Structures are given as C-alpha cells and as structure tokens.
Amino acid sequence: MFRNISMSLEFSADAQNKIAALCERYPTKQPVVLAALHLAQKEHGHLSDDALKLVARTLDLPYAHVYGVATFYTMFRREPGGKNTIRMCTNISCMLRGGYEVLEAFEKKLGLRRGQSNSEFSLVEEECIAACANAPCAVVGTKYFLDLAPGDVDKVVEELKSNPRPEGEVV
Amino acid sequence: VPAPIGTKLVTARFGDEAARTVAGYQKTGGYKALEKALAMTPAAILDEVKASNLRGRGGAGFATGVKWGFVPKDAREVHLVCNCDESEPGTCKDRELVYWDPHLLIEGMVIAAYALKAVHNYIYIRGEMMREYVVLQKAVDEAYAKGYLGKDILGKAGFECHLTVHRGAGAYICGEETALLNSLEGLRGQPRLKPPFPAIKGLFNNPTIVNNVETLMNVPCIVDKGGAWFNELGMGRSGGTRILCVSGHVEKPGVFELPMGITFRQLIDDVCGGVWKGRKVKAVIPGGVSMPPLDADELDVPCEFDALQTDERIKPVMVGPDRLFDLGGGRQLRTMAGSGGVVVLDDQTDIPKAVWRIMKFFAHESCGQCTPCREGTGWLEKVARRVAEGRGKPGDLDLMASISHGIAGNTICALGDAAAWPMLGFLTKFRADFEAAIKSSGPANKEQAA
C-alpha cells in the first residue's frame, strides 16, 4: 500500500570518499558498482530497494542496472542477515571428508537451516572456497576455519560470538 | 634438466610472514627482476616469455607468450588483468600465493605490463577471499608508496603502471575471462561471445591480456634466469614447475610446487603419503572438477599439460558404450591439466553421489545465458540426484549422457563443457557404479521416482 513511499538512504562520508577514490581508477563510474554495493550492504545491512536506489543515484546508473547486478552475485543479500556469515563449503573436496556432516552440526547448533539467518548468524552452504587442502572448511569474513569436524562447531560458534567477523569489515 | 622435487619458483616465500612487506620481499631478492626487466626492451621480455614455454595455469594451459603476442602493435591502450577469481572446486593455490607472496604477483604484473605497454591494470579477486584482499590491497598500497607502482617506476622516465584491486561478489563464472571483464566493467558476470578475443577487444573495448595468478608470478624468474632456463625445468612444451593442490582421500593433502613430469602415482604415494586409511584409489580428478577423471589404471601419466590431453594410456571419453565423444574434427577427449586441483577419491567413494555434487555445483553456477547450459546443468543435477539417492530409473545413464552431449560445444563459454565433460568421463569409466545404484533402487524408491 505504501510502496511508493521510500526512505532515502545515504552513504557515510567515509563510504562517499571511498567511492569517489575508486571512480578515479576506471574510465567510467559503472565499474565501481560492485564496490558500492559492498559498501551499501556494509552500511545498511542488506540491499533493500532503497539501498539499490542509493547506489544507482551515487553512480548515475539506472536502477534496473544496479538491480540486475545485485541479484547476480551471491554475496549480496536482499534481506537482513546475521552479523557473521558462516560460509560452509560442501563441494567435492569438503564432501569427501565430511563437509555435509559439519554443515548439519552448524544447523543444529545455530537452530538455523542452510540459507537462513538470525540477527547473529547467517548460515550459507557455500561452493568451493579454495581451501580444499584443509577440507572441510568454512570462511567467516577474514577468518578461515580449516580441517573441521562436527565436534568443532561449538568452539567456532562461541569464538564468533565473542569475536564477530562481519564481512563488511574488509570493504 | 627437469626440475627436481623441491624446486621452488613461486612458493619459496610460503611461511615467511615478513615477505608481505616490500622490505621483507626485497631481502629475499624481490624486485630485482623488475630492475633487470626495465633495462630490457618490451620485445626482449616477450621473447623470453615465449622461449620459456610458460603456459597459463588457470585452466586452459594456453602459451602465455603467444597470448601476449596477440595484442595489436598499434594498440592505443592495453590492459593487463590478473584473474584471481579462483573457484574451481579442488583448486586452492592462488589464494595461498596471494596470501604469502603478494609482491611477487605485483612484480610479475609490473614486468608484464611493461612488456605489454599496459598502463591501467587490474587484479580481479574473488569476493569471498576477504583475508587475501586485505593482504593484497596493503601490498599494492605499499608498492605505490615505495615507487614500484605509479609513474616513472624505478626512475624509468615515462614508464607508468597502475594496479587496482577489484573485488568480485560471488560468482564462479567470473573466473571465465570474458565474464570477468564484464564483471570488472560493472555488469552481470556473463561471458562474451568470442571472437573477438580479449587480446584484440577486451576491457573497455581495449586489447586486454587476462592471466592467472600463478602464471604472472612465474614472470619475474623468467626475466631473472631466462626463458631457456625456465623451459628446461619443465617437460615437453610446458616450461617451469607446476603447483598441484591435492585434496580428498589422501593422508597428507596440500598445495605443492612440483616438477611438470611428476606422475599421479608419485604425487599420491610419495608426496601425499598415499591414500588415507590404507585404502586404494578409485578415481582422480586431475585438474578441478571440470575435467574428466582418471581411473586407478591411469595414474602413471605425468601431470603435464599435453600428456593429459594426448597420452594413450588415458582412455578417451565416450558418449555411449560404442560411441566416442568428438571434441570437434574427430579429436578425442581424454582429460586436461586444468587448474591443478587434484581430487583423490578412494575405493569406498560413492561415485554417483560425488558426481551429483559436481553437477549441483554447475547447475548453481550456470549464468543462465545459454539455454543448453542453463537447462541442461539443472537436468543433470536432477537426474544425478535421483540416481545417487536410489531413485534412479533404467535409461538414466543414457539420459545423462544425452543431456551432456547436448550441452558440450553448444554454449558461449566453457562452463557447459565443464559440466558435460566430467559427467561423460565418469559415465565412461565408472559405469558399473551407476548401474549398481540404479539396480539397487528399491521398489519404494522407484514408486517415489515415478
């Protein structure tokens, strides 16, 4: 009913400076769209319609273009998610050494199914995260959890509760 | 002389925390090759790279010097792009390389950029590699501050090289070079139709060379020691060493820099401590899941690029029991060296389940642009899943072969082939495993399937 009434979002001064600096690195503003979407997600938690409008406005791009890009890449989320995103790999190398069992242990520990979130955690069944020699593995922000077994899950979750690794911290 | 085991051209600084700073990197000989390169002409560097027989380490194994040679001589602006979008399942080398030795990548890129006369250059790093992005960005910032990037590098008037680290956001397809270029331009990561190839018309419509991380990291030692030296370390038409990432059912998985000529048997038994739990090899994926597997009788083949394509000890991939798969022009498909991701499957592996997981991956990662791939990978996953779950129907093997054959060669990029080839390869070499899975499908399961 109120679809046309939208909150206008803004970037922080820091994000604006980052975007302006990045625009200098390319012949047009369009290539900065991924970085701007990462920043918008960091500052606004997820990519709502208003966040996409903010990116479109900032880079002089059509909303449809930004929408198309944002919905192509799996790291962008259109719904709110948790502070930590646990990306648990189940691809071949991890599967062969028990990756699915670790994922199930995360599901049980967090009370979330793969693909679901609460305010603290998002649990993602991830494709290969390029740490196959230490399978099964998960990545949370800048931190890798390697050679995991289902019994390690409690420790991982407790560590992340006291020392969160939000993906936005690297943007 | 072929490289002995232990030769380290690109992994020498692994474990050296200090190497991430310019000072630490210089202490172990860093940026010396760049000094030497800037005293040479760009053409002389190109000649050395051609003589080195350096081949692309990202998947296709294309000769790097030949690729560089495609850039038109009269190009107004050229770009060099490093593909650090490593996401081929089983491959975990570029992530380690960037993490331990970011300045070797930067040095390789500055030399390559000098040879190619490329000014504005980019590293496309996978979005999920957040730790590596931080390391790389810091190294790039320091390289600028110390005069290894920017204008008049090392006092060479007029030589300008810029490097921008560009983060992806989660899409396997962006490892395909034209999808990567689209993603760099701020578009959805969908591959472009070729030709024109990027070396003619790539980023921002300019001639562009896209090279893998490991490929570019080999450039400094080629300049330092010479192309002929590098070539001699290798085997046949493949110069240098090779990084192999071994995962799956071995005692000691890891990322190893090894001689080109090492066989899979040596790799598994001598380097990785054998198959785990005292078991035997069932199958080996030789270069990322896109490549057809080897069976236990095919392990004496070397990991070298040409050997994996042509060695007659590797059985060719079939479409059906009596029908060879045709790569075009009657060429047979054996397998390929791919990305160096070696996955070992022991003799207790549930092959239909492993194949289902591979197909699930491709169905998830298809960009949706070409119908045979978008629909076909989904169908393959669906049929492979029911076979793996004991709900398979008679005829499912022929159906999977037929779908794969319908995808292969009929799409803009190689992702379609990358799904079709391993499916056909597993069906060729492990048919009995699939047949057993279908045979053992229970009546209750059959009802469910119907």
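This is a predicted model: local features need pLDDT of at least 70, side-chain atom pairs count only at pLDDT 80 or more; totals for chains, interfaces and linings use all residues.
B:Arg385 is partly exposed, at a relative accessible area of 32%. Both residues belong to helix H15 of chain B, which covers residues 371–388; they are four residues apart there, so about one helical turn separates them.

A second pair in chain B consists of B:Asp94 and B:Lys93, whose side chains meet in a salt bridge with an N to O distance of 3.0 Å. Here B:Asp94 is buried, with a relative accessible area of 3%, and B:Lys93 is buried as well, with 1%.

Side chains of opposite charge can pair when their charged atoms come close. Over all chains, a search of the whole structure finds 47 salt bridges. One that joins two chains links B:Arg357 with A:Glu125, at 3.9 Å from N to O. B:Arg357 lies in helix H14 (residues 351–365) of chain B, whereas A:Glu125 lies in strand S2 (residues 121–126) of chain A, which is why the pair joins two chains. On the chain B side, B:Arg357 is buried, at 0% relative accessibility; on the chain A side, A:Glu125 is partly exposed, with a relative accessible area of 21%.

This pair does not stand alone. B:Arg357 and A:Glu125 are part of a network of salt bridges that also takes in A:Glu107, A:Arg113, A:Arg114, A:Glu127 and B:Lys360.

Chain A itself can now be described as a whole. It contains seven helices and four strands. From the N terminus, the order of elements is α-α-α-α-β-α-α-β-β-β-α. The C-alpha trace of chain A spans about 50 × 40 × 30 Å along its principal axes. Of the 171 residues in chain A, 53% are buried. Among the contacts in chain A with a separation of 6 or more, 63% are between residues 24 or more positions apart.

The accessible surface of chain A is about 7,600 Å², and carbon and sulfur atoms contribute 50% of it.

Notes:
Residues are numbered from 1 along each chain as its sequence is written. Chains are lettered from A and ligands numbered from 1 in the order in which they are written. Side-chain values use heavy atoms; hydrogens and water are left out. Buried means under 20% relative accessible area, exposed over 50%, partly exposed in between (1.4 Å probe, protein chains only). Contact means heavy atoms within 4.5 Å. Accessible areas come from the Shrake-Rupley method with a 1.4 Å probe; for residues, only the protein chains shown count as cover. A salt bridge is a side-chain nitrogen of Lys or Arg within 4 Å of a carboxyl oxygen of Asp or Glu.
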